[in-house]
Amino acid sequence: MVFENERRWTRLLAITGILAGLAANQASAQDPADIVGRAGRIYRGLNSLQANFVQTIEDRSQGDTLTSRGTVIQAGANRFAMRFTDPAGEAIVIDGNHIWTYTPSTAPNVVYRSPVPSDPVYGANFLAQLLDRPRERYTATYVGQETADGRRVDVIDLVPRVASVPFSRARIWLGVEDALPRRIELIEGAGLRRVLDLSRLRPNAPTPAGTFTFAVPSGVRVVAPPT
């Protein structure tokens with residue numbers, strides 16, 4: 001009986017090893033550019049995408065780490081609202097014509113207004129830009145599968161091939177089933193690392209009235225570049 005149990009255990013270990021090998025081979029066979037391309041097509045096909053976020057910004061040159069949280073809503077190319085619950089009251093809103101940036105924790109009496117970029121392809125839609133034409137614009141590497149926001153995700157590294165991309169490296173976590181982004185990590189200039197964790201994603205959810213309108217608080221001065 002002891003020898004029989006040992007033989008069964010040996011067979012079980014062998015089968016487990018075979019399955020692990022098959023899973024590894026399947027992961028290595030993934031085409032990262034195809035995965036990112038699929039994510040881009042699905043994302044651009046949405047009417048809107050809403051999510052909760054936690055953003056971490058590490059400034060390695062200064063030794064600072066800033067963490068913020070809130071909700072983010074994107075609709076179309078040029079409508080975007082990132083409203084913070086921590087720091088409370090802060091917001092970045094794109095109404096289709098202007099970008100409004102209000103950070104009362106650092107500039108309590110000023111809101112900055114700037115024109116929306118005139119890029120005919122992306123407008124102010126950063127995610128569409130990140131996910132567009134990956135085979136042409138990036139060297140993409142498949143890292144593997146993990147779990148994020150309770151879902152299986154494909155993890156992919158992107159190194160830009162074109163100078164117009166505003167980061168030196170990105171790592172993205174895309175849902176295996178729905179291809180939606182759950183986590184984005186960007187290495188930006190001068191030792192800046194930005195991580196955006198998204199949760200409770202709500203694709204095509206109704207957008208509340210006023211989402212993409214910024215109401216200037218009383219006593220706050222609007223600062224805009226000269227026209």
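The lining of the second largest pocket divides into six nonpolar, seven polar and two charged residues, where Ala, Val, Leu, Ile, Met, Phe, Trp, Tyr, Cys and Pro count as nonpolar, Asp, Glu, Lys and Arg as charged, and the others, Gly among them, as polar. The structure is a predicted model, in which local features need pLDDT of at least 70 and side-chain atom pairs count only at pLDDT 80 or more, whereas totals for chains, interfaces and linings use all residues. Residues are numbered from 1 along each chain as its sequence is written, and side-chain values use heavy atoms, with hydrogens and water left out.

The volume of the second largest pocket is about 380 Å³. A pocket is here an open set of points on a 1 Å grid over the protein atoms alone, where a 1.4 Å probe fits, with protein on both sides within 12 Å along at least five of seven lines, and lining residues have an atom within 4 Å of a point; the volume is the space filled by probe spheres set on the points, which are joined across faces, edges and corners. Of the 15 lining residues, Q55, I57, L66, E90 and T103 are the closest to the pocket centre. Two or more lining residues come from each of β1 (49-59), β2 (64-75), β3 (79-86) and β4 (88-94), with β2 giving the largest share, three residues. Strands are DSSP runs of E with at least two residues, and helices are runs of H or I with at least four, both numbered from the N terminus.

These strands belong to an open sheet of 12 strands with mixed pairing, in the order β7-β8-β9-β10-β11-β1-β2-β3-β4-β5-β6-β12, two strands being taken as paired if DSSP finds at least two bridges between them. The edge strands, each pairing on one side only, are β7 (138-148) and β12 (221-223). On average, neighbouring strands are turned by 20° against each other, direction ignored, with axes fitted as lines to C-alpha atoms and angles running from 0 to 180 degrees between N-to-C directions. Within this sheet, β1 pairs in the antiparallel sense with β11 (residues 192-203) over 10 bridges, L49 having P203 as its bridge partner and D59 having L192. On its other pairing, β1 runs antiparallel to β2 and is joined to it by 11 bridges, with V54 opposite R69. The hairpin of β1 and β2 has four residues between the strands, and G63 takes a positive phi near 75° in this hairpin.

The structure holds 16 salt bridges, each defined by a side-chain nitrogen of Lys or Arg within 4 Å of a carboxyl oxygen of Asp or Glu. In one of them, the closest N and O atoms of R135 and D34 are 2.7 Å apart; R135 lies in helix α4 (residues 134-137) and D34 in helix α2 (residues 32-44), so the pair ties together parts that are 101 residues apart in sequence. R135 counts as partly exposed at 47% relative accessibility, as does D34 at 45%, where buried means under 20% relative accessible area, exposed over 50%, and partly exposed in between, for a 1.4 Å probe and protein chains only.

In the salt bridge of D157 with R169, the closest N and O atoms are 3.8 Å apart, and the pair links D157 in strand β8 (residues 151-160) to R169 in strand β9 (residues 169-175), 12 residues apart. D157 is buried at 15%, whereas R169 is partly exposed at 27%. Salt bridges that share partners join E58, D157, R169, R171, E185 and R193 into one network.
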